[in-house]
Amino acid sequence: MPRKKKVEQETLSEKQVNDVLNAYDYFMNFSDSYNRSYRSADYNTPDAINRRLKDINLTQVDATVTEIENALKNAKDSEEILSNYAQTLEITNMSFKRMTQYLPNLAAFNLTFDPINVTKESELKSKEFKRDLAKVDEFCNKFDYRTEFAAALRQIFRQGAVFYVLRDEGDKYTLQELPKQFCKITGRFDYGYLFDFDMNWFINMDGVDIDMYPPIFKRMLNRIQKNFTKPYDPARRLQSRNTSFNYWQQTSPENGFWCFKLDPELATILPYYSGILGNASFQPVVRGLQQDKYFIDASKILVGILGFNKEQKSGQVANSINMTPEMIGKFLGVARKGLNSQIGLAVLPTDDVKAVDFSVSNTNSDVDYASSVVKQSVASSEALFGTEKLNSHQSKLASQIDNNTIEALYPMFANFMEFFINRMTEKYKFKVRFHDENVPDQKAERKALFNDFSKIGFVDMQLAARCNDMNIFEYTRHLQISKNCFDVKGMVIPLNQYLTPPVQTRTGTGTTTKPPENPLTKGSVGRPPKPESDSESTEASWARGSNELKKEFNE
């Protein structure tokens with residue numbers, strides 16, 4: 001039996017062990033330093049910053065019709081795909097883009113307010129009230145609510161909800177949008193929804209610099225890093241919403257966090273046009289069919305009937321065609337050179353040549369399908385995409401339906417203004433409202449309403465400001481500038497000269513009464529034209545000057 005060789009065990013010296021440990025420590029230090037440097041703001045690149053800015057509010061998906069239909073069947077668990085696909089569709093479908101822009105752009109955001117805790121008229125002249133009123137003016141002046149809310153309104157129509165934090169830049173207040181994938185609705189309060197924020201946006205995402213966000217985020221991150229977080233409590237009051245669940249941190253409107261949502265009664269986030277995503281996603285298929293239709297309409301086939309030898313002395317004879325294949329091939333080659341690609345060519349005979357084309361309907365399937373989708377979405381679809389003229393009444397009714405959609409969304413923006421204004425005031429609190437839409441007839445109606453009230457002694461300066469798409473602070477400053485900085489006294493025409501009683505004059509046949517000239521009609525005969533009138537015949541009569549012709553005839 002062979003003897004086993006003795007195996008010598010190799011041992012490491014103390015120096016070798018230290019070298020290995022030092023190398024391991026070196027690698028760990030290098031790895032840690034690299035990770036910290038890579039995540040550090042000092043090593044952020046413009047490309048990385050730009051990419052993260054794009055990620056905040058745009059994520060495209062390539063979804064099939066079946067995937068969209070399945071997502072719509074399970075909307076509660078498909079918020080992200082529906083929101084992302086709505087944004088994708090806005091980029092790829094111009095009709096959908098126009099619809100997405102149409103309703104938000106109707107909003108005029110004309111602001112009015114009322115003090116809700118004034119009990120005596122004398123309080124309106126008190127120093128406390130004027131001091132608080134100046135704070136309302138300050139907030140309205142520093143916060144460009146028309147621009148900020150218009151952007152927010154477009155976003156909630158695109159994706160159903162948008163999450164912001166209010167930034168105080170000293171001379172300006174502005175809204176900074178937060179990535180919706182890192183925000184989650186977790187509660188309600190008197191003015192709207194509450195949400196939590198996932199701090200992984202700052203911890204694990206390159207290209208995100210926390211210094212580009214309000215200081216509250218640093219305090220939230222410090223609570224996580226120093227393990228000062230409290231057990232998650234969703235029922236906390238606004239002043240103490242500082243608990244967390246893992247990296248999810250509670251946010252509070254007290255710190256400027258705000259959620260604008262399309263449907264205040266539903267916690268599920270859905271784009272406004274989610275109901276037509278299935279139909280709209282079918283548009284590429286319809287477009288392809290329309291292209292096939294164009295090719296069919298432009299195609300023709302030339303068909304020739306081959307001739308046979310007419311006199312055959314015996315029974316059936318093979319190859320009784322009266323032209324050899326070689327000759328037919330030569331004719332086909334010559335004919336093919338003179339025809340374009342849309343004309344198909346069968347064997348060209350010599351006896352009879354017929355053109356065969358394909359009859360198709362004159363309608364455009366692509367346009368018809370897009371039109372049907374749009375009609376499901378906005379009441380004024382004919383005004384946007386239609387080829388037929390609407391009468392005046394139909395146009396106004398359709399416009400009013402769309403205006404009502406915008407009016408229903410104004411309260412959530414008014415709640416935002418109320419909340420932050422009333423936090424700034426000391427004694428008096430204010431109720432804020434938004435009014436009006438950007439349609440031509442509405443401005444004329446507002447001016448007519450102000451004039452009617454003014455004639456009977458009720459002068460509402462907030463209504464006068466709305467007529468000029470301003471708030472009362474802006475309107476007052478405009479009047480003060482006009483009065484004190486520009487010589488406009490000679491250009492002002494007193495209104496009371498048109499409200500004087502009729503002038504009586506004596507003639508040879510007696511006394512006649514002549515009313516003062518109405519500045520609206522400028523001496524014309526008939527009732528004043530009304531821009532908001534529903535009667536097309538009245539407008540046509542004014543255009544033709546029918547009343548003047550009647551006057552000349554009677555004279």
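Which residue forms a salt bridge with D206, and how far apart are the closest N and O atoms?

**Entry 1: ground rules**

I am working with a predicted model, so I noted the limits: local features need pLDDT of at least 70, side-chain atom pairs count only at pLDDT 80 or more, and totals for chains, interfaces and linings use all residues. Residues are numbered from 1 along each chain as its sequence is written, and side-chain values use heavy atoms, with hydrogens and water left out.

**Entry 2: D206 and its partner**

I looked up my opening question and found R51, with the closest N and O atoms 2.8 Å apart. I reminded myself that a salt bridge is a side-chain nitrogen of Lys or Arg within 4 Å of a carboxyl oxygen of Asp or Glu. The two residues sit in distant parts of the chain, 155 residues apart: R51 is in helix 2 (residues 46-57), while D206 is in the loop between helix 8 (200-203) and helix 9 (216-225). Helices here are DSSP runs of H or I with at least four residues, strands are runs of E with at least two, and both are numbered from the N terminus.

Next I checked how covered the partners are. Buried means under 20% relative accessible area, exposed means over 50%, and partly exposed is in between, with a 1.4 Å probe and protein chains only. D206 counts as buried because its relative accessibility is 14%. R51, at 36%, is partly exposed.

**Entry 3: more salt bridges**

I searched the whole structure and found 20 salt bridges. Side chains of opposite charge can pair when their charged atoms come close.

I picked E138 and K142, whose side chains meet in a salt bridge at 3.8 Å, N to O. Both belong to helix 6 (residues 127-142) and are 4 residues apart, about one turn of the helix. I found it handy to recall that an α-helix has 3.6 residues a turn, so residues three or four places apart point the same way. E138 is partly exposed at 34% relative accessibility, whereas K142 is buried at 13%.

Then I turned to R423 and E254, a salt bridge with its closest N and O atoms 3.4 Å apart. R423 is in helix 16 (residues 410-424) and E254 is in the loop between strand 7 (248-250) and strand 8 (257-261), so this pair ties together parts 169 residues apart in sequence. R423 is partly exposed, at 42%, and E254 is also partly exposed, at 26%. I also noted a network: D436, K443, R446, R466 and D469 are joined by salt bridges that share partners.

**Entry 4: helix 19**

How many residues does helix 19 have, and how far does it reach? I counted 14 residues (472-485), and the distance from first to last C-alpha is 19 Å, close to the 20 Å expected at 1.5 Å a residue. That expected span is 1.5 Å times one less than the number of residues.

I472, F473 and Y475 are buried in this helix. They are on the same side of helix 19 because they cover an arc of only 160° around the axis, where the arc is that of the directions from the helix axis to the C-beta atoms. The buried residues of helix 19 pack against strand 1 (107-115), helix 6 and helix 18 (461-467).

**Entry 5: strands**

I followed strand 1 to its neighbour: strand 1 and strand 12 pair in the antiparallel sense over 7 bridges. Two strands pair if DSSP finds at least two bridges between them. A107 stands opposite E437 in strand 12. I checked the cover of strand 12 (residues 430-437) as well, and 6 of its 8 residues are buried.

Which strands stand at the edges of the open sheet of 4 strands? The sheet has the order 4-5-7-6, with antiparallel pairing. Strand 4 (183-189) and strand 6 (244-245) are at its edges, each with a single partner strand, so one side of each has no neighbour in the sheet. Strand 4 pairs with strand 5 (residues 192-198) in the antiparallel sense over 6 bridges.

**Entry 6: the whole chain**

I finished with totals: the chain has 21 helices and 14 strands. Of its 555 residues, 35% are buried. Contact means heavy atoms within 4.5 Å. Among the contacts with a separation of 6 or more, 67% join residues 24 or more positions apart.
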